[in-house]
Amino acid sequence: MNNLYFDNAATSWPKPESVYSSAENQMRNAFGNPGRSGHTRTLEADRLLYKTREAVAGLFNINDPARIAFSLNATDALNTALKGYLEEGYHVIHTAMDHNSVLRPLGRLCKEGKITTTTIPCSTKGYPDLDFLDNAFKPETRLLVINHASNVTGTLAPLKDMIITAHKHNAFVLIDAAQTAGSMAIDVEDFDIDMLAFTGHKGLLGPTGTGGLYVKPGINLKPLREGGTGSQSELDSHPESMPERLEAGTLNSTGLAGMLKGIEYILDRGLGNIKEHESNLRKYLYNSLAELPGINLYGPAAGDESSCIVSATISNTDSGEIGYILESSYNVLCRTGLHCAPLAHKALGTFPEGTIRFSPGIFTSKEDVDYLVKSMKEILKLVQ
Amino acid sequence: MAYTCYITFPTTFFAIRAESVLKNKPCSYKMVPVPRSISSSCGTALRCECNELGAINIILQNNKIEIEGFYRLEEIGLKTPSVEELFLDE
């Protein structure tokens, strides 16, 4: 029997067929090192990256595609933004729902005495306290980091309101869109986003090792890495123009070729249709699990807008053990534990035990959810 | 004396964007490695007949393509040619 995959918040699977074939085609035909050489296979790789940048710009409504630097993943993009922007004495505000990809870089900069931070507390459903936020700004506050959707509960941050608040206090915003790129509308120009970090292997349906960072014109980040770009080779300093500024070393053209097809699939199927599909699935899953006795659910209520995640616990039961039984007896794959977001679990009251996280994706069906719920029903009988 | 003209770009992004906006336009050009006798930030240049340079420049300017420079090189086979930088009206 095939696995039933409920771990799309970790990485999406399966990918559209075109993603697999495009990655292979890149290795066979567009294999030149982009920006280097100048022969036809390099030009093919250059064209591929150009097209991918344009596709990302189209998806997020970014006026200037050159302001998008490709990265290894969202963590890489977030590190580039945080370590490239923050300077001695800056104060940063972030929320309790943040992933370790934000908490750990900020933690290091704090430990080194470089910056100070304030954590915005979140409700038991994962929503940030907006009054607290408005009062948290100081004259030296230069950045607000917003987790667009929690990877533990799917809770959506009120992005527009938080951006307006940050700009009112003359701080930039960095959006962590790891859980929302490809499944929620993100309009960089309309929302007035300063920096947007995204990954390619989740909602964008691409291979791992892909992602990117958008940086608004006028923000000049110090690069995390410097080196070969294929341009201005005579200089001993790294080029300052975007995107080369943040793209030292050979890019993952193979992965990006796949990511491009993932984005094209999303645009073809329609972001609105994807959102509707996932929203219906989450509602159905949440309501079906809620009927089971002995199960505790976290995050937004069934009808509330959120990303496609349902987190659960069974009282006095190890979530890891439930995950093991789900796979070994039912072939259901999900994630259990702390999900790299310790403060979020503290806000939800699930620290240190963690949760069982189910994250359906765009290829998950209602029947798949029925099977999962039936499996959970049987497991609950065993543990009670 | 025969000459060939080159347009150079500050980044690969603009070189490929130039190619993309010229697609289906009635002008002949080729994307080529930048000749070593020209100093350029980006390794890919646009090569064209010198009598097409003006028309191509207008299309590129209309599409906000950032250009680093225009050059005219003497066609002398594989030997290093003499280079003349051109300054076109924008």
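Which strands of chain A does H9(A) lie across? H9(A) lies across E9, E10 and E13 of chain A, at about 15 degrees to E10(A). Angles here run from 0 to 180 degrees between N-to-C directions, with axes fitted as lines to C-alpha atoms, for helices over the stretch in contact. Helices (H or I, at least four residues) and strands (E, at least two) are DSSP runs numbered from the N terminus.

This is a predicted model, in which local features need pLDDT of at least 70 and side-chain atom pairs count only at pLDDT 80 or more, while totals for chains, interfaces and linings use all residues. Residues are numbered from 1 along each chain as its sequence is written, and chains are lettered from A and ligands numbered from 1 in the order in which they are written.

**Stop 1**

Select the four strands E9-E10-E13-E12 of chain A, listed in their order in an open sheet with antiparallel pairing. Two strands pair if DSSP finds at least two bridges between them. Strand E9 (295-298) and strand E12 (335-337) of chain A stand at the edges, each with a single partner strand, so one side of each has no neighbour in the sheet. From one strand to the next the twist averages 30 degrees.

Next, select strand E10 (residues 310-314) of chain A, which pairs with E13(A) in the antiparallel sense over three bridges. Within this pairing, A:Ala312 stands opposite A:Ile356 in E13(A).

**Stop 2**

The contact takes 30 residues from domain 1 of chain A and 32 residues from domain 2 of chain A, where contact requires C-beta atoms, placed from the backbone, within 7 Å.

On the domain 1 side, the elements giving two or more residues are helix H9 (271-290), helix H11 (342-348) and strand E13 (355-358) of chain A. H9(A) gives the most, with six residues.

**Stop 3**

Which residues of H4(A) are buried? Select A:Ser101, A:Val102, A:Leu103, A:Leu106 and A:Leu109. Buried residues have 20 or more other C-beta atoms, placed from the backbone, within 10 Å of their own. Those of H4(A) pack against helix H3 (74-85), strand E3 (91-95), strand E4 (116-120), strand E5 (141-147), strand E6 (172-176) and H11 of chain A. After H4(A) comes A:Gly113, with a positive phi near 75 degrees.

Move to H3(A), where 10 of its 12 residues are buried, among them A:Asp76, A:Asn79 and A:Tyr85. Their cover includes H4, E5, E6, strand E7 (195-199) and strand E8 (211-215) of chain A.

**Stop 4: chain B against chain A**

Finally, show the contact between the chains, which takes 15 residues from chain B and 17 residues from chain A. Helix H1 (12-22) and strand E2 (29-33) of chain B are the elements that give two or more residues to the chain B side. H1(B) supplies the largest share of that side, five residues.

Notes:
Contact = placed C-beta atoms within 7 Å.
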